[in-house]
Amino acid sequence: MMDVAVCLQDFEDFATTYLPKNALDYYRSGANDEQTLDDNREAFKRLRLYPRILRDVSKRDMSTTVLGQRLPYPIAIAPTAMQRMAHPDGEVATARASTSMGTGMILSSWSTRSIEEVAEASRNGLRWFQLYVYRDRDVTRDLVKRAEKAGYKAIFVTVDTPMLGKRLADMRNKFSLPEPYRLANFTIKTNRGGVQGSSSSGLSEYVASLIDPSLSWKHIEWLKTITSLPIILKGVLTAEDAREAAAHNLAGVVVSNHGARQLDGVPSTIDALPEVADALKGTGLEVYLDGGVRTGTDVLKAIALGARAVFVGRPALWALTCNGEAGVKRMLEILKDEFSLAMALTGTTSISEITRRLVRRQPPSYTSSKL
């Protein structure tokens with residue numbers, strides 16, 4: 001597989017044939033009719049690039065910064081849960097791969113390797129921690145403090161999951177995290193590490209019993225009192241919420257619809273991005289995007305429309321399935337090289353030159369003979 005993979009779709013095709021149904025459906029499915037799942041990718045195709053010509057693009061600088069930390073290119077790994085279903089090394093392999101490629105990863109609270117194991121695997125790597133707010137505030141506080149102690153550089157708070165979206169495939173499969181794997185950031189004694197389906201999806205039952213559905217802005221203010229790390233909201237789709245994040249003096253937002261796994265029918269992330277980016281101009285808050293990124297041109301379009309960097313989730317899982325650390329590294333190499341080529345072919349030599357003038361929405365096609 002590693003010898004023939006030339007694009008991210010190759011990894012997905014392999015993983016689709018290799019993974020057990022329980023894991024495959026969990027990784028690839030969206031909410032309800034999966035309208036938004038499809039649109040996350042299709043929306044990128046509705047955008048057209050308008051390159052400038054006769055520019056010297058022999059040298060290109062792809063670098064940017066995320067929360068003051070330099071990245072050699074604006075691509076990093078999004079948080080995805082339970083990675084050991086894809087490969088026994090799980091999140092440790094993903095951390096090693098992102099470190100070797102000079103970029104970073106966001107570790108999911110629901111990882112199958114612990115906060116400390118991932119930190120040890122990427123001592124010199126850039127890593128952030130994704131957080132759910134638990135009903136038990138001591139659990140939430142403990143996760144934050146462990147992330148701080150292990151050298152994570154920011155807390156990405158998922159704000160679009162007061163309840164779990166309706167994921168039909170997981171319900172049909174009565175999704176369970178297969179033995180011997182557990183959510184590694186929780187002890188056996190607390191009974192928060194097992195995800196076992198009974199009458200429905202095990203994850204749905206887990207969220208309903210442990211995650212706080214009353215999550216509000218006051219909880220974000222509480223988080224600010226227990227950590228000095230930058231706080232980023234993951235799951236912002238509107239200008240109103242973006243401005244509210246600025247009013248609460250946060251560090252940034254991720255334009256995200258949770259991989260289309262929560263509320264079906266919300267906009268694709270690339271469609272929502274300009275509104276959020278415009279609302280935060282001049283505030284100092286950084287804007288990122290996840291969802292639907294599969295090519296280097298997708299990365300360029302996101303940067304042009306206001307994202308500082310993009311995070312990729314499912315592509316990392318498919319690559320992890322193929323060959324662990326080496327697979328994830330190869331996936332990042334492909335995406336990085338495609339982004340570099342997209343810069344050259346649009347006549348841009350630095351991130352600052354990637355502006356909205358490069359991108360226009362495709363005009364609607366008219367099939368009717370009536371004008």
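The legends below describe close-up views of a predicted model. In this predicted model, local features need pLDDT of at least 70 and side-chain atom pairs count only at pLDDT 80 or more, while totals for chains, interfaces and linings use all residues. Residues are numbered from 1 along each chain as its sequence is written, and side-chain values use heavy atoms, with hydrogens and water left out.

**View 1. Helix α10 crosses helix α11.**
Helix α10 covers residues 239-247 and helix α11 covers residues 269-279. Helices (H or I, at least four residues) and strands (E, at least two) are DSSP runs, numbered from the N terminus. The two axes come within 8 Å and cross at roughly 35°. Axes are lines fitted to C-alpha atoms, for helices over the stretch in contact, and angles run from 0 to 180 degrees between N-to-C directions. The crossing of α10 and α11 is right-handed. A crossing is right-handed if the near helix is turned clockwise from the far one by less than a right angle, and left-handed if anticlockwise. On the α10 side, A239, E240, A242 and R243 take part; they meet E275, V276 and A279 of α11. Contact means heavy atoms within 4.5 Å. The residues of this contact are four nonpolar, no polar and three charged. Ala, Val, Leu, Ile, Met, Phe, Trp, Tyr, Cys and Pro count as nonpolar, Asp, Glu, Lys and Arg as charged, and the others, Gly among them, as polar.

**View 2. Helix α11 is largely enclosed by the rest of the structure.**
This description applies because eight of the 11 residues of α11 are buried. Buried means under 20% relative accessible area, exposed over 50%, and partly exposed in between (1.4 Å probe, protein chains only). Among the buried residues of α11 are T269, I270, A272 and L273. P274, V276, A277 and A279 are also buried.

**View 3. H258 sits in the loop between β9 and α11.**
Strand β9 spans 252-255. UniProt lists H258 for "active site" in an unreviewed entry; such annotations may be inferred rather than shown by experiment, feature names are shortened, and positions are given in the numbering used here. With a relative accessible area of 12%, H258 is buried. Leaving aside neighbours within four places in sequence, H258 is in contact with Y132, T158, D160, T161 and R167. Between the side chains of H258 and D160 there is a polar contact of 2.9 Å. A polar contact is a pair of N or O atoms within 3.5 Å; within protein, one must be able to donate a hydrogen and the other to accept it, and residues adjacent in sequence count only if both atoms are side-chain atoms. H258 is not a glycine, yet has a positive phi of about 65°.

K224 is partly exposed, at 28% relative accessibility. K224 and N249 are 25 residues apart along the chain, and their C-alpha atoms are separated by 9.7 Å. N249 lies in the loop between α10 and β9 and is exposed, at 63% relative accessibility. Phi of N249 is positive, near 55°.

**View 4. A cis peptide bond joins E179 and P180.**
The omega angle of this bond is about 10°. Most peptide bonds are trans. P180 belongs to the loop between α7 (168-173) and α8 (202-210).

**View 5. S122 is a buried loop residue.**
The loop of S122 runs between α5 (115-121) and β6 (126-131). S122 has a relative accessibility of 3%. The side chain of S122 reaches the backbone oxygen of V118 at 3.0 Å. Beyond residues up to four places away in sequence, S122 touches A95, T99 and R127.

**View 6. S340 and E325 both lie in helix α13.**
Helix α13 runs over residues 314-345. S340 is buried, with a relative accessible area of 13%, whereas E325 is partly exposed at 32% relative accessibility. Not counting residues up to four places away in sequence, S340 touches R60 and M62, and E325 touches A93, R96 and A97.
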